[in-house]
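Me: Can you walk me through this one? I have the sequence and the model open.

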Amino acid sequence: MRREPEWDVAVIGAGPAGLAAAHAAAEAGARVIVLERARHPRYKTCGGGLIGPSVEISRSRLRIPERDRINAVTFTHDGRRGFTRRASGDPVVTMVRRDDFDSAWCRAAVEAGAQIRENVLVRRVEQDADTATVVLDGGEEISARTVIGADGSAGVSARHVGVSFDQQDLGLELELGATPADRERWQGRLLLDWGPVPGSYGWVFPKGDQTTVGVIMEKGRGAETKRYLRDLVARLGLANRAVIRDSGHLTHCRRADSPLRRGRVLVAGDAAGLLEPWSREGISYALRSGTWAGQVAAKDQELSSYEEMIAENLAPEMAAGRRLLRLFGRHPALVHAAMASPIGWRAFTGFCRGEVSMARVLRRHPIRAAVNLLGR
């Protein structure tokens, strides 16, 4: 007689995607276990800026450990032609530290009924028609009706499903100790600098007693990426600040035809290569995809409905982001000038707040024609 799996849902990885999946599945009544190789709180290289969709999903489940609310953005083009725009009302971006944010999601998932196992290493995933099995280091097996992989683009689950990527970028980041003058200078305001290499940009994100300075550039330009970060820090007068953390990571954006599922194994967030290609924003994609994966897995319904959700809701935004990245790479000065205009600023704030869809904007005929012409 076939043995019933011990769990309804096993989640690999306790970042935003995995914990959102665990919370959604547990809240729906499923027996959920989360397998995490580290222990919370743990540091993750990430700007820590929450846009509207991330705030909306999170605030109904937990108290967001915000460090700052941003309503002003300074734009520069490789350090030149700077200007600052300000918005009233809801924050354009909410700043968090990822260790705080992920820990808050971890507590919320446990309160919803999920069990978290930390300091466990997943070696492989196996499956048959009815059960998926996660094999841990040492041979222990965890069986479930559905496995949700949220262990990153280089993780076991992405390899098992066969996820492929067509865009890879290197992000470098410094967490600097903020002086009282730094806190006064940056509170409520972030910096976006369009970088010296096509498609690159840098940022300053304030987080109370810390200031995050980072840059991102296409993979394969390691020396240029390091030089850009060094120059940005010096240009801003932050070179003598205490370095709390110096880190980097690769972001991977999925191919449009890359799989999101193999049998009873779904992938979400970074493991699926889900992020916005232009800004490389991934937290909102992680929370949304994780939530949908958890909801589908809890119902043990046709798992292909998860793929349909991604195709309907996230794939168009990713396609629009690719087009904007090409435009930005070829005409950064034009993008910079657009942010100074009322229309450009409204589009930027609307996107950050979750009020504007890039895909919907690009479907408007005049904008589509302009983007097609400039992006060729």
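Me: How far apart are Trp 345 and Phe 348 in helix α11?
Reply: Trp 345 and Phe 348 are three residues apart in helix α11, so about one helical turn separates them. Helices here are DSSP runs of H or I with at least four residues, strands are runs of E with at least two, and both are numbered from the N terminus.

Me: Buried or exposed, Trp 345 and Phe 348?
Reply: Trp 345 is buried, and so is Phe 348. Buried means under 20% relative accessible area, exposed over 50%, partly exposed in between (1.4 Å probe, protein chains only).

Me: What is the basis for all this?
Reply: This is a predicted model, with residues numbered from 1 along each chain as its sequence is written. Local features need pLDDT of at least 70, side-chain atom pairs count only at pLDDT 80 or more, totals for chains, interfaces and linings use all residues, and side-chain values use heavy atoms, leaving out hydrogens and water.

Me: How many aromatic pairs are there?
Reply: The structure holds eleven. Rings of Phe, Tyr and Trp (its six-membered ring) pair if their centres lie within 6.5 Å; planes under 30 degrees apart are stacked, over 60 edge-to-face, the rest tilted. One of them, Phe 75 with Trp 345, is edge-to-face, at 6.2 Å centre to centre and 85° between the planes.

Me: Which parts does the pair of Phe 75 and Trp 345 tie together?
Reply: Phe 75 lies in strand β5 (residues 72-77) and Trp 345 in helix α11 (residues 342-353), so the pair links parts 270 residues apart in sequence.

Me: And how many helices and strands in the protein chain?
Reply: The protein chain has 13 helices and 18 strands.
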